[in-house]
Amino acid sequence: MNIIDFERHNEEVNKIWEAYHNGNPVRIPMIIGMNPRMVILDEKYRGGVTFEKYYNNPQVMLETQLKFRKFEACDVVYDHIMGIPDQGWQLYPDFQNDVECGWLGAEVKYSDNAVPFTIPFLRDDSKKDMLFKKGIPALFSGLLVKALDYYNYFTEKKNEGFTYEGKPINSIWFPGMGTDGPMTVACMLRGTTEFCIDLYEDTEYALELLDYVTEAAIFRTKGLRKYFGQPEKAPAFWFADDSIQLLSCGDYEKFILPFHKKLINELSDGTQKNSIHLCGDASRHFKKIQDELNVYSFDTGFPINFKITLSQLSPETQMNGGVHVNTLLGASPEEIKKAVKNICGDVKPLSKKFVLREANNLSPKTPLENICAMYEAVKEFGRFE
């Protein structure tokens, strides 16, 4: 691995993003999505930390997050400011994708070689309506109680003047002011197979569960915004709903779109355009989502056909997407270079608002040279004439 000239790199990055945001990009920018699992699930970095320890000890979470932040800032090359941050570090209570279901009452399970996950607890038909009987939980209950405790712990450390690599804690943000999506959460609570069968064989129940999940997300988001001094409605709303990839266009419009509209109407004031993250290939729904939900930013997961998808959307659409995480994990730098070249060739004639990224969420143990190969390739093939 070459030694990185942070100053030179950061100067270039600033120019790349300035040109991109001014609507006249020099080349396609590149980002990388990853989180502390990069160090927890890689024995080279973990230092004995497991996700069970990470979830259950705020000091372990703090130290592990900072180790990850340093790793990202100093070792992972993409279009971001590199080096120990002058302003200090950002922290958050990190319970991965378990926050929403953990707040609703799901139990968190731990694995030796994967992220924690929640167990569907509505699988038994005799219990499937238990949430309706309980009602929406209190704002700070379930996993959000622990999240608030950890937020307060991090705040105390910040106020005490805690430093890491000579830099203080600069900011702390709180999870839960969004949603994994009505259908996705319903699948996580009921079980994916069970909920998909419900949609067709017990539609009344499925719609009631979708409504419950949606109302709970609205209650939680508004409550947290108010608690942290923010307006209940934001200029725009960012959300996800990966499980809609399982539905036909007609069934998405029939079953799920009304709940997406409710989220948007309740949580945004409509003054800015909305954003969505969708893993898998849900690209057949993008045009409907754009037209009906004022979504002009799509964060994609599984590689999709960008040529077809972008041709169906507004030229103002911003889209993130790129090389499959398995390719980045196991392919050669030459194969990665070829994949980037193909993506850039599809995208450049259609969009100047595309951002290259891994698809989706970098795998632990991905060779750093493969990320560098992706970055060097977008520098070569992503340039606009």
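Predicted model: local features only at pLDDT ≥ 70, side-chain atom pairs only at ≥ 80, totals over all residues.
User: Which residues is Asp42 in contact with, leaving aside its neighbours within four places in sequence?
Analyst: Asp42 sits in the loop between α2 (37–40) and α3 (43–46); helices (H or I, at least four residues) and strands (E, at least two) are DSSP runs numbered from the N terminus. Contact here means heavy atoms within 4.5 Å. Once those sequence neighbours are set aside, the partners of Asp42 are Arg37 and Lys365.

User: How many residues of α17 are buried?
Analyst: The buried set in α17 includes Leu368, Ile371, Cys372 and Tyr375. Among the elements that cover the buried residues are α1 (6–21), α5, α15 (325–330), α16 and β10 (354–356). Helix α17 is mostly covered, and the count of buried residues is 10 of 14.

User: How far apart are the end C-alpha atoms of α17?
Analyst: The expected span of a helix is 1.5 Å times one less than its number of residues. The 14 residues of α17 should therefore span 20 Å, and this agrees with the separation of its end C-alpha atoms, 20 Å.

User: At roughly what angle do the axes of α16 and α17 cross?
Analyst: Axes are lines fitted to C-alpha atoms, for helices over the stretch in contact, and angles run from 0 to 180 degrees between N-to-C directions. Helix α16 (residues 333–347) and helix α17 (residues 368–381) have axes that come within 8 Å, and the crossing is at roughly 35 degrees.

User: How many residues of the contact of α16 with α17 are nonpolar?
Analyst: Among the residues making this contact are Ile336, Val340 and Cys344 of α16, together with Ala373, Met374 and Phe381 of α17. In this scheme Ala, Val, Leu, Ile, Met, Phe, Trp, Tyr, Cys and Pro count as nonpolar, Asp, Glu, Lys and Arg as charged, and the others, Gly among them, as polar. Beside one polar and three charged residues, the number of nonpolar ones is nine.

User: Is the crossing of α9 and α10 left-handed or right-handed?
Analyst: Helix α9 (residues 182–190) and helix α10 (residues 192–201) pack at about 120 degrees, with axes 6 Å apart. Met183, Ala186, Cys187 and Arg190 in α9 meet residues of α10 including Phe195 and Leu199. A crossing is left-handed if the near helix is turned anticlockwise from the far one by less than a right angle, and right-handed if clockwise. On that basis the crossing of α9 and α10 is right-handed.

User: Which strands stand at the edges of the sheet, each with a single partner strand, in the five-stranded case?
Analyst: The five strands form an open sheet with parallel pairing, in the order β6-β7-β8-β9-β10; two strands pair if DSSP finds at least two bridges between them. One side of each edge strand is left without a neighbour in the sheet, because each has a single partner, and these strands are β6 and β10.

User: Which residue stands opposite His277 in β7?
Analyst: Strand β6 (residues 238–240) and β7 pair in the parallel sense over three bridges. Phe239 stands opposite Ile276, and the residue opposite His277 is Ala240.

User: Which residues of β7 are buried on the side with Asn274?
Analyst: Strand β7 (residues 274–278) has five of its five residues buried. In a regular strand the side chains alternate between the two faces of the sheet. Ser275 and His277 are buried on one side of β7, and on the other are Asn274, Ile276 and Leu278.

User: In β5, which residue is the bridge partner of Tyr164?
Analyst: An open sheet of three strands has the order β1-β5-β4, with mixed pairing. Within it, β4 and strand β5 (residues 167–172) pair in the antiparallel sense over two bridges. The partner of Tyr164 there is Lys167.

Conventions
Residues numbered from 1 in each chain as written. Heavy atoms only, no water. Buried < 20%, exposed > 50% of the residue type's maximum accessible area, 1.4 Å probe, protein only.
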